[in-house]
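Subject: Structure handover

Hello,

Here is the structure I promised to pass on. Please open it first, then read my notes below.

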Amino acid sequence: MNHRIPGIAALLFLASTCAAQVTTQDLVKPDPKNWLSYSGSYDSQRHTALKQIDISNVASLGPKWIFHVPGSQTLEGVPVVINDIMYVPQASGVIALDARSGRLIWQYQRVPGSRGHNRGLAVYGNKVFTATSDAYLVALDTRNGGVIWESKLAGQAVKYQGAAPLLVNGKVIIGVDSAVGGTVDAYDAETGKHVWGWHSIPKPGEKGIETWGGDSWKLAGAPTWLSGSYDPELNLLYWGTGQPDPDFDGDGRPGDNLFGDCMVALDPDTGKLKWYFQFTPHDVHDWDAVEMPVLIDASFKGQPRKLLLQANRNGYYYILDRTNGKFLQGTQFVKKMTWSSGLTEDGRPVVIPGSAPTVQGNKVCPSTAGATNWPSPAYSPDTRYFYVIVQEGCGLNFKASDNFKPEHLSGYSDSGTSYTESTEEQERWQLFVRALDVSTGKTVWDYEQIGSHHYGPGLLSTAGGVLFAGEQQGAFTALDAKTGKPLWHFNTGDLITASPIAYSAQGNEYVAIMSGTNLLAFGLPEHQ
Amino acid sequence: MTQSNRTLLSAGAMLLSSTLAVFAQQAPAPGKTANPNPFNGNEQAIMDGRDIFNRSCTVCHGKDGTEGDRGPALATPGRRYLRTSDSEIFEAIRNGIPGTQMPRAGLNETDAWKVATYLHGLRGTAIDAPAAGNIEHGEQVFWDKGGCGACHMLHGKGGLVGPDLSNIAALRKVNSIRDALTKAQHSVSTDGGRHDSALAPLSSYLSLRVTTRDGRTITGVLRNQDSFTLQMLGTDNVLHVFNRDELREVVYEPKSLMPTDYDQRLTPDEFQDLLAFLSRQGHVAPAPRPRAEQVIQ
């Protein structure tokens, strides 16, 4: 029997082989009108070349639209933008919006009503990739939200999925936390097939096993819960790992506990470990080293170098040679530090005896919340400053017992146990936006976010000389990137714990950020 | 847009809001305890249960539980039922409901569980009670004679113009899928009196043609609109977004792209097999995990 295919449908079907929207070349050299990944570019500098909004006009910035993400809780994610369409991560779902008006185009929700955090998306071809709370990696068609493939994440007992995938060489790369340690896994972007996996906890016979006394490697940990950076020339992927388990009790795991609290460089085609650098050997303070690694090419002590910068949760700002992982310099960027008296020549912290958690509670500065945490830093090639959200203050760290036994670990005591904010008024937590001289690590300027005390937002640097920073207490602010002087602010009315992005549509520059359960986009008045 | 266009549009939207298009998903209430029903999800038991139900229960509850003279319809969307679990339904079948006209049904335990399984499926979505038929043949019909793949995606293959059907059986009942294939004006299961609680994606797939002020004409399907903006998927398979003041003309086609004569263009066997295939496309949503299990760094 003949049947009619509607004309428009037939045209669409025939056209379905049209060119891919995002290519590897686009990811290597992103058009500044788009924002194609968690950090916007492989080097994770979070610096946009857009400069329509600059220090002379930012004071007239205003909201262009607001989109409420239904069913969400405090959003920590970063949207991506491709050619006027914005894709918004939420727990186990993705929303597509008109980036000019904020109007909804499609919505995908794999696990209805799911809660928790999802920090970001990857894009390639006509696909947008997300990891879900039921541990699937899902590829959606950017145009209609249709499911192209879904792959169960590799590994056993996957604990939590909120990490932002990174697209490298046609592979979706994602960090996964499981009961047996963290992994970085690569999946084929076309098919969803698992290509390789690198595990952060070595098994017997593998490199690093000698850094775990006895069978203590089984305690696991070292989750890979954020995202990474990539150098296309060196073809190296950089990913930070978290603390070994249990977080606050190292008694049962003598040794340095590799590859906990490390920056690792992996071959993105094979997953092979090329080099590693461990920031906090034998960590007992939960100082995950997942903070975004920022890649810059710069002269260091008179030599042109390929550098990797990280402001670490432990309070030190590190400069590494990203070709080989060699430690070049470390500087304390937090005012008060009580656990370490400095770094050795090869970058190992000199630990002050008696600084580990105790059953009664032991003071440590910075606190476990970190001198900084997942909210992204930014780097401006114009000012050559490294910008970071800093949490000053101290904490009290507790361990569960003086007689560690692995069988005691269950539920929350998996952490072995916990931390609190210091109760002393002068050691209370306080957030700052701090500009560091990229070479010396010295503070150039400091902006106190009065009233903001925990985690806070990430940062965005612009070619217009503006540094965008939210305040945890809800104000979205623009600072002069050179001086830290506040130029503009807008009260979003909810907590900000996400990083801002910039994009351009129809020739207009926008800056967008998640606040509470909303996404807000700002721009200049139309007839300026 | 002129007022007459608006009127046309709203008429079209009403007509079309019933296409297979709603992505908003409702979480099924997770069972508090393990389901003691020995036939839970058993296809044969569902079919047996339907036969038994239509033999024994229709005087009060109507054929297929739709409506009866004395008892309530048993699977009306939006209606709240006091007895929701399989064991509660089993209990009511076996022992009646005191204080009401619901008597003991006089069924043995096996038959009572089968009826409970059938009712469970009636209240769930297609995947809970898929239609019988030749699934492989249904898949063939989907891609070949039915031409469904021209507009609909299934697991990454197919067209973009219609909704992705990869999870359709977890979203819709078999009857709803059947209606979408056969009735121009069919209704999507919603709570009629419900107040919207969030902005939702457009559930219709209206075709339209826009002409921009600079003279470009773009044809496609509407994905969203308001008084100031319009979002559409073009025949070039690109999403296009506009401010209304950029558009000179917007013309809506007041007819759905979705053919609704599949019961005629397909043989009865082909139709049934297509239904059997579609009513298995989806995954059962996993129960939400307890919060304590989420490790949030």
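Predicted model: local features only at pLDDT ≥ 70, side-chain atom pairs only at ≥ 80, totals over all residues.

Start at Lys114(B). Its relative accessibility is 15%, so Lys114(B) counts as buried.

**Salt bridges**

Lys114(B) has a charged partner. Its side chain meets that of Asp48(B) in a salt bridge, at 3.1 Å from N to O.

Are the two partners buried or partly exposed? Arg103(A) is buried, at 18% relative accessibility. Asp226(B) is partly exposed, at 25%.

Chain A has a pair of its own. Arg428(A) bridges to Glu421(A), and their closest N and O atoms are 3.6 Å apart. Arg428(A) is partly exposed, with a relative accessible area of 35%. Glu421(A) is partly exposed too, at 23%.

There is also a network. Asp231(A), Glu233(A), Asp297(A), Lys306(A) and Arg322(A) are joined into one by salt bridges that share partners.

**Helices of chain B**

Next, look at helix H8 (residues 174-182) of chain B. Seven of its nine residues are buried, so the helix is mostly covered. The buried ones are Val174(B), Ser176(B), Ile177(B), Asp179(B), Ala180(B), Leu181(B) and Thr182(B). What do they pack against? Their neighbours are helix H7 (168-171), helix H9 (262-265) and helix H10 (268-278) of chain B.

H10(B) also meets helix H6 (residues 135-143) of chain B. The two axes come within 7 Å and cross at roughly 100 degrees. That makes H6(B) roughly perpendicular to H10(B). H6(B) brings Ile135(B), His137(B), Gly138(B), Glu139(B), Val141(B) and Phe142(B) to the contact. From H10(B) come Glu270(B), Asp273(B), Leu274(B), Ala276(B), Phe277(B) and Leu278(B). By type, the residues of this contact are seven nonpolar, two polar and three charged.

**Strands of chain A**

Now go to strand S34 (residues 466-470) of chain A. Five of its five residues are buried, so the rest of the structure largely encloses this strand. Both of its faces are covered. Val466(A), Phe468(A) and Gly470(A) are buried on one side, and Leu467(A) and Ala469(A) on the other.

Which strands pair with S34(A)? One is strand S33 (residues 459-462) of chain A, which runs antiparallel to S34(A) and is joined to it by three bridges. Here Ser461(A) stands opposite Leu467(A).

Another is strand S35 (residues 475-480) of chain A. S34(A) and S35(A) pair in the antiparallel sense over five bridges. Ala469(A) has Thr477(A) of S35(A) as its bridge partner. This pair is also a hairpin, with four residues between the strands. Gly474(A) in the turn has a positive phi of about 115 degrees.

**A sheet in chain B**

Last stop: an open sheet of five strands in chain B, in the order S6-S5-S4-S3-S7. The pairing is antiparallel. Which strands form the edges? They are strand S6 (239-243) and strand S7 (247-252) of chain B, each of which pairs on one side only. On average, neighbouring strands are turned by 40 degrees against each other, direction ignored.

S7(B) is joined to strand S3 (residues 207-212) of chain B by five bridges, and these two strands run antiparallel. Within this pairing, Leu208(B) stands opposite Tyr252(B) of S7(B).

Best wishes

Methods
Residues numbered from 1 in each chain as written. Chains lettered and ligands numbered in written order. Heavy atoms only, no water. Buried < 20%, exposed > 50% of the residue type's maximum accessible area, 1.4 Å probe, protein only. Salt bridge = Lys/Arg side-chain N within 4 Å of Asp/Glu carboxyl O. Contact = heavy atoms within 4.5 Å. Axes fitted to C-alpha atoms, helices over the stretch in contact; angles between N-to-C directions. Parallel < 35°, antiparallel > 145°, perpendicular 65-115°, else oblique. Nonpolar A, V, L, I, M, F, W, Y, C, P; charged D, E, K, R; others polar. Pairing = 2+ DSSP bridges.
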